[in-house]
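Notebook open, model loaded. I wanted to look up the pockets and one of the sheets.

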Amino acid sequence: MWNKIKNSRLSYILLSILLSIVCWLYVDLAQQPDAQVTINSIPVTFIGEESLEAEGLLITGETPTINVVVNGPRSVITQLNNSNIIVTASTTSITEAGVYTLDLNINLPSSVTSSSSSDVSIVSRSASAVDVTVVQMVSKTVTITPEFTGSVADGYYSDDESFVLQQKELEIRGEESVVDSVSYAKVILSDTGLTDTWSGWLSIVLCDKDGNEVSSDNLTLETDAISVTYYVQCIKELTLTVDLISGGGATSENAECTYSVETVTVVGQSINLDDLETLTVGEVDLGQIATTGEYEFSIEDAMPDGVSLMSSDTTVKVQVTITGLEIRIVSTSNIVLENKTEGWNYDVADVEIRLRGKTEDFDLLINDDIQVTADLDGVELVDGETVSVPATVELSGISDLGILGSYNASVTITLIPEETTEEETTDTEDTGDGSNTDTEAVSDTTSDETGN
C-alpha cells in the first residue's frame, strides 16, 4: 500500500507545491527582497501656525495632501501609511497676507528609519512644494441661542426660560468672508420624554442669517461645546385654603368657607411640589367675624419659593360663615377704673358686651365672670365732662364663650368740692370701682343674636 502511494503521480505534485512554498517563504523572509509601495493622501502639516496667529494671519483653504512612492524591504514598507509618514511645510517666514510657495519635507517614522536591516527610500513624490493662501484673520462675537427639539413627559412642563447656559456669547476667528457669514450660534437639546432637569454639554452649531448651518472647519472657535442646564418642572393642581384663627368663641369647626376659586394649577421642581397638596392664601381671625365675613387674597403672593402659578386666576374671594353658635349682648357693671386722680369723682355707665357661644354655656354665665378694665391714664380732667375710655374685657370661668369686638367705657368726671368731708369723699370714690359681687347668673341680657 505504501509503495503504491509513493509511486502515485499525485504525490509528486503535492510534494512539488510544498517545496515551492518553502522556497518562496525563505526568499521573502530571509532574503527580504525590495518592493515599492505608493502611499496616497498624506496631509501636509504646517509648522509655525502659532506665529501666524500671533500676527493675525490664517492659512485658508483645504489642507493639501501629496502621494509618495517608497522603496524598501517588503516587511518594512508594509508598515507605512498616510498616518505615520509626516509631510511638513514651514510658515515661520510669513509675516503678511499673500500667496506663498512652501517646500515640503518628508519624514518617515523612526521605527522604519532606525531599523538596521532597512534600506528605505523615497522614489518619487507627487509634489515637492505647495502653494498656500494666507489672509488676515478677523474675530467676531455672536450670540448663542438654545433650541429644544425634544419633549417632556406628560405632567411635566418646560418653556423658553428653562435653559441656563454656561455662556451666552461665543468668539469666532477666521477669514473675514467666512466669519461674516456667521450670524449666530446655537446648541440643540433633542432628548425626549424628560421628567427631570437635564444637565450636560452640547456642541456649538454655527448658523447664517437664514438658519443654515455654517461649517466651522476654517474657523477657530472659543470653545466647541458649552455646559447647559434645562429645567423640567412638574405640573400639579393644588386646593386653596385659609388658616382659621380661633377667636370670639369660634373655632375652625364653627366656620364654613366658600372659595370663588377652589383649585389652581402650579408648576415647579418636583422637590418643591412632592409634599404640597394645598395652598394657603392667607388667614382669617374668627374673632373679627360676627356671622359672615368676606375676604380677598392674592394667589400669586402665596406661592412658595420655586413654585409658579399657571392658572389665569391671580386672586381668590373667600366667604367665611360662623355656624352652630349664638350671639348675646350682656350688660355689666363689673368695671374697674385704673389711674384715677385724687379729688375727682368718676361715674361709670354699664358696658354692653357682645358674647358668642353655645346656649348651654350662656346658661352658666354670671356677672363676676365678666371683668371690664378701663385705663384713665392721659384722660383730660374737665369738671362735668363725659369721656369714652378704651376698655379691655376678660371672661373667666367659661372658656368656650368668646368676646366679639372692642369696647369703651363711658365715664362722667366731676370735681369733688373742697368742703366735702373726708367720709363723703371716700364714699364717692368707691362708686363704680367694680366692687359688685353679685354671684347670680347674668339676667340683664339686653338682646340676643344668632350666629347661624
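**Pockets, then a sheet**

I started with the lining of the largest pocket and sorted it by class: seven nonpolar, seven polar and six charged residues. This is a predicted model, so I am reading computed values throughout.

Next I looked up the volume of that largest pocket and got about 340 Å³. Its lining runs to 20 residues, and Phe 46, Glu 49, Ile 59, Gly 61 and Thr 63 are the ones nearest the centre. Which elements supply at least two lining residues each? I noted β1 (34-47), α3 (49-54), β2 (57-60), β8 (129-148) and β16 (219-221).

Then I went to the second largest pocket, which holds about 190 Å³ of space. I found 13 residues lining it, with Gly 249, Thr 251, Asn 254, Lys 358 and Asp 400 closest to the centre. By class, that lining came out as two nonpolar, seven polar and four charged residues.

On to the sheet. I traced five strands in an open sheet, ordered β26-β29-β30-β32-β27, with mixed pairing. Where are the edges? I have β26 (335-338) and β27 (344-348) there, each pairing on one side only. From one strand to the next, I read an average twist of 35 degrees.

Last, I checked one pair inside that order. Strand β30 (residues 385-395) runs antiparallel to strand β32 (residues 407-415), and I logged seven bridges between them. For Thr 386 I looked up the bridge partner in β32 and wrote down Thr 412.

Notes: Residues numbered from 1 in each chain as written. Predicted model: local features only at pLDDT ≥ 70, side-chain atom pairs only at ≥ 80, totals over all residues. Heavy atoms only, no water. Pairing = 2+ DSSP bridges. Helix = DSSP H or I, 4+ residues; strand = E, 2+ residues; numbered from the N terminus. Axes fitted to C-alpha atoms, helices over the stretch in contact; angles between N-to-C directions. 1 Å grid on protein atoms, 1.4 Å probe; cavity = no way out; pocket = protein on both sides within 12 Å on 5 of 7 lines; lining within 4 Å. Points joined across faces, edges and corners; volume = space filled by probe spheres on them. Nonpolar A, V, L, I, M, F, W, Y, C, P; charged D, E, K, R; others polar.
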